[in-house]
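Trainee: I would like to learn how to read the features of a model like this one. Please go through them in order.

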Amino acid sequence: MTLHATEPAAATDAVLDREETISRDELEALQLSRLQHTVAYAYDRVPLYKRKFDEAGVHPTDLRELADLGKFPFTTKEDLRLEYPFGMFAVPQNEVARIHASSGTTGRATVVGYTKKDLADWAKLVARSLRASGVRPGMKVHNAYGYGLFTGGMGAHAGAEALGCTVIPISGGQTERQITLIQDFKPDAILATPTYLLTIADAMMKQGIDPASTSLKYAVLGAEPWTEEMRHELETTMNIKACDIYGLSEVMGPGVAGEAVETQDGSHIWEDHFRPEIIDAFDPTKVLGDGEHGELVFTSLTKEALPIIRYRTKDLTRLLPGTARPAHRRMGRITGRSDDMIILRGVNLFPSQIEEIALRIPELSPHFQLELTRPEGQRMDQLTVKIERRESVTVEGVASAAKVLQQQIKIHVGSSCTVNVVEPGSLERSNGKLRRIYDMRPKG
C-alpha cells in the first residue's frame, strides 16, 4: 500500500520562517535576550512573580546567561489556581484580546489570556507546526479539536488559517457527522486527538467505509500522549502520515512544538519562543542534561498577557538534538504525566506502556482501560486491564492473547495484573481526550 503522503514533498518544498533556519548559537543568543526581557517584565508586572523572586532571593539582573534560569523559582498549576481568575495577567484588562481556561474538573480552572500580538504569535507557531507535519497552503483541514475555552480548537483553527488553509471547524464529537463531512468535503488533513481519530476510523468501518479510502493524507495529533505503535495503527488503518503537535494552555496552547513529516522523530520545540528544561521529577532542584529523562519545564520568551517562568508541565520526556530543524531541540515521546503515574505495589506504571505492549499483539485492539481496585480485606492494589479483541479473533486467540499481554506486562513493567479481553465496541470511545484510568480504590 502506498501512502497518500508520499505524493507531496515534505518540508523541503515549504518556505520556512527565518528562525527555523538559524544556527544554534544565533538561537541561544536570541533566547538569552528574550529571556532577560521576560523575567524583568514578569517581575515588574505580575505580583506573584515579584513575591516568588524576592522570596527566592533572585532578581532579574541575576540572569546573565541561559544557565542562570535555574536560579529562579518554578511556576505550577496551583499558582495559576491561586491567582484565579486574572492575577497572572501582565497587561490591563483592555489589552487582553482573548481568554481561555481549563475545564476545572480536577480543581479550580486555570485561566490564560492573550494580547493581539500573542494571538498572532500563536497562530504563526501553529502554522509552523502544521507546515512541518506536511500541511500546505490551499489544503482543506478538518479540525476535530474541541472549540470553546479549551485552547485546542481555536488555536489549531487560527494556525491553519494563518498557513493559508481552508478550515472545516467541526470541533469534537458528532462522529457520524465527522464521517459525512470527511466524505463530502474531502479534506487533505485532519487535526484531532489520536484516540478520537481512532474512534472515527472504527466508526467508518462499522458503516462499511474503508478508512484508507478517504481523501485524508495527513493527521496532526496531540493533546494526549501516544505511542509509535498507535502511529503505526493509525497510518496503516487510514493510509495517512500522522505527526505529533505539542502544547498546553498555560504555556500557549497547541504549537509549542511540532513534528516534521520527513523524519517523524519527535516534536521540535520552537525555541525562539520557549526555553525548555528537563528537571528530575523527584528532586526538582536538579536540572538534567539533554538526553536525560525527567519532567519538562517551559519558560515563555515572547508572551505579553501571561508570561510564564519555569512552568512545571508534569509531562515526562527528554530533550534531544534537532534533526529536521537542527537548531531547535526535539522532545522525546511523552511517556506519561507525573500526575497520571500509577504506583502499583511499588512499581511505576503509565497507560502508554500498556498501549505500547498491547499493540504489538495482533489479536488485541488499541481500545483499553485500566481499573485499579483494592479488594475488601486486602492491603494490595489490583490492576485489571480491560482490552477489546479485534473482530477476526477466535475464542482460542483471545485466551492466548490475554496470556501474552499479562506476561509481557510482568516482564516489561514489573507488575502482575489481570487481563480481561472484551468484545469489540464494548469500551468507551473518545470524543476528545480519552480517560484510560479508572481508580476504584477506597478513598482515604
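Mentor: Buried means under 20% relative accessible area, exposed over 50%, and partly exposed in between, with a 1.4 Å probe and protein chains only. This is a predicted model, where local features need pLDDT of at least 70, side-chain atom pairs count only at pLDDT 80 or more, and totals for chains, interfaces and linings use all residues. Residues are numbered from 1 along each chain as its sequence is written, and side-chain values use heavy atoms, leaving out hydrogens and water.

Trainee: Are Phe53 and Phe72 buried or exposed?

Mentor: Phe53 and Phe72 are buried.

Trainee: How is a ring pair described?

Mentor: A pair of aromatic rings is described by the distance of the centres and the angle of the planes. Rings of Phe, Tyr and Trp (its six-membered ring) pair if their centres lie within 6.5 Å; planes under 30 degrees apart count as stacked, over 60 as edge-to-face and the rest as tilted. By this rule there are 7 aromatic pairs. One of them, Tyr49 with Phe53, is tilted, at 5.9 Å centre to centre and 50 degrees between the planes. For Phe53 and Phe72 the centres are 5.1 Å apart and the planes at 70 degrees, so this pair is edge-to-face.

Trainee: Which residues form one aromatic cluster?

Mentor: The cluster consists of Tyr43, Tyr49, Phe53 and Phe72.

Trainee: Where does Arg436 lie?

Mentor: A charge sits over a ring if NZ of Lys or CZ of Arg is within 6 Å of the ring centre and within 35 degrees of the ring normal. Arg436 lies over the face of Phe368, 3.9 Å from the ring centre. Arg312 lies over the face of Phe74, at 5.6 Å.
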